[in-house]
Amino acid sequence: MAATEPHILILAAGMGTRMKSTISKVLHPVLYRPMLHHLLDVASKLPHASLNVVVGENREQVAEACAEYKALNYVDQPSPRGTGHAVLCAREALQKKGGTVLVLNGDVILMRPETLSAFVESHAAKGAVGSLVSAQFKDPRGYGRILRDGAGRPLAIREEKDCSETERQVSEINVGVYLFDTDALFESLERVQTGNKQKEYYLTDVIEILISRAESVNAFMIADPTEALGINDRLALAEAERILSGRLRAYWMREGVSLQVPETITIDSRSRLSRDVQIEGNCRVVNSSIESGVYIEAGCRIENSTIRAGVHLKEGCYLEDSDVGPNSTLGPYLHLRPGTRLEAGVKLGNFVEVKNSHIGKDSKASHLSYIGDAEVGADVNIGCGFVTCNYDGTNKHRTVIEDGVFVGSDSQTVAPLTIGKGAYVASGTTLTRDVPPGALAIARLKQTNKEGFVARLKSRKKKD
Ligand code: UD1
Ligand code: CA
């Protein structure tokens, strides 16, 4: 096995007690994705011989949440007895394979792939048997400390709870990322005891054991401490999101995207943005693709959607599972629900809701409408307050509005029905059947005016 292709072992079986949650810690979302997905993405980018995850009673939850990662090998840890015990549970899976193993704590997800690559290379370059990643923290509370001798060589990792007063002053912390020669790792793990404050088998004790066997141990200090965050509680979870979000925003700004008041904008790691996209404050972009020149005003939320070039989203739009055609103008305050597909140049104004519908090129609904389960053609003009009555209490029905139709304000279509090409629908009409192409449909009471009615009413009231 080449030294550069380690087996990867992710430790994810812990209880995550400090999260105070029924959800497994590694599945808590960080920027709209389970924590573990971020780590699996990074691990997948590194050359590796196999990818293994230690799980416990969260096995089902984890396997379900990570089903899209096909090449994962799950290792069971029957009860969480410490990080050393977790690794020992992978003995059968890993030892016969030999080589090296990169051990990653499941709650340390902000390491960059290039940092991990450099770590793996330094292990090989130093000819080390064991390597660990360390970082300098202004506030090292909660982390294991790296103890070094007078010459600066690593001696041991000491868990905070087991530290003396002087040891607690050390600001170099153990990140929770290690690389070991597989045989040496398991031989040392056999010697790990539970004589510590937490009565657990600590993986970190392996370092001291290797040193006592005169094996060479390499401590690799990283420059950017934000990569070293371990997510133990909800505060660290929020901090991880803040860091990741900041990195993604910086990335997109460098790629030619303008963000106004950037710290209020969230772009998740699956989203793709093109050049000259401009986004105002308080927007969320989740698993979406935004093409060039799109302008997004403040307070928009875009999920699982594609926004084509030149679209203008006015303030407060909420888009879910939708595809918006080029040069369309939407909003302010509009809702596209799943299954909405808009062709080029569509104009939908304030308080318009569209669901599971296709709207053709250059069609408009400028104010206050609900369009659900509809096929709307090109050049259709829908007036104010139009509603597709698509639901009969049991089933949903489709409305078809063909090219060039004009629908007057305050109209409804009781689906299923079709309005033929070029037809007109008079204002205030409730359609209950098809309209032939080119026809005018009108369905409302004839107006009657009772002359002098108000005066007569008032004089009658006076007499009473
Ligand atoms: C661990 C390190 C500490 C380091 C810190 C970095 C040990 C003993 N301590 O502490 O030196 O500074 O990470 O973030 O390793 N896990 C299991 N099975 C278990 C216990 C834990 O799979 O029986 C998993 C957890 O799910 C977690 C990871 O191992 O993903 C680390 O465990 P955690 O309890 O968070 O360790 P820390 O106390 O943070
Ligand atoms: Ca931790």
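This report covers a calcium site, a helix pair and an open sheet in a predicted model.

## Calcium site

Two residues coordinate the calcium ion (ligand 2): Asp107 through OD and Asn232 through OD1. The distances run from 2.2 to 2.4 Å. The pair links distant parts of the chain, 125 residues apart. Aspartate 107 sits in the loop between β6 (100-105) and α5 (113-126). Asparagine 232 sits in the loop between β11 (217-221) and α9 (234-254).

Aspartate 107 is buried. Asparagine 232 is buried as well.

## Helices α7 and α8

Helix α7 spans residues 182-189, and helix α8 spans residues 205-212. Their axes come within 9 Å and cross at roughly 105°. Angles of 65 to 115 degrees count as roughly perpendicular, so α7 and α8 are roughly perpendicular to each other.

From α7, the contact uses Ala184, Leu185, Ser188 and Leu189. These meet Val206, Ile209 and Leu210 in α8. The contact residues of α7 with α8 divide into 6 nonpolar, 1 polar and no charged.

## The open sheet

Nine strands form an open sheet with parallel pairing. Their order is β14-β17-β20-β23-β26-β28-β30-β33-β36. The edges are β14 (272-273) and β36 (417-419). Each edge strand has a single partner, so one side of each is left without a neighbour in the sheet.

Strand β23 covers residues 322-324 and strand β26 covers residues 340-342. They pair in the parallel sense over 3 bridges. Across this pairing, aspartate 323 stands opposite arginine 341 in β26.

Key:
Residues numbered from 1 in each chain as written. Chains lettered and ligands numbered in written order. Predicted model: local features only at pLDDT ≥ 70, side-chain atom pairs only at ≥ 80, totals over all residues. Heavy atoms only, no water. Donors = N, O, S within 2.8 Å, 3.2 Å for Na, K, Ca; no water. Helix = DSSP H or I, 4+ residues; strand = E, 2+ residues; numbered from the N terminus. Buried < 20%, exposed > 50% of the residue type's maximum accessible area, 1.4 Å probe, protein only. Axes fitted to C-alpha atoms, helices over the stretch in contact; angles between N-to-C directions. Parallel < 35°, antiparallel > 145°, perpendicular 65-115°, else oblique. Contact = heavy atoms within 4.5 Å. Nonpolar A, V, L, I, M, F, W, Y, C, P; charged D, E, K, R; others polar. Pairing = 2+ DSSP bridges.
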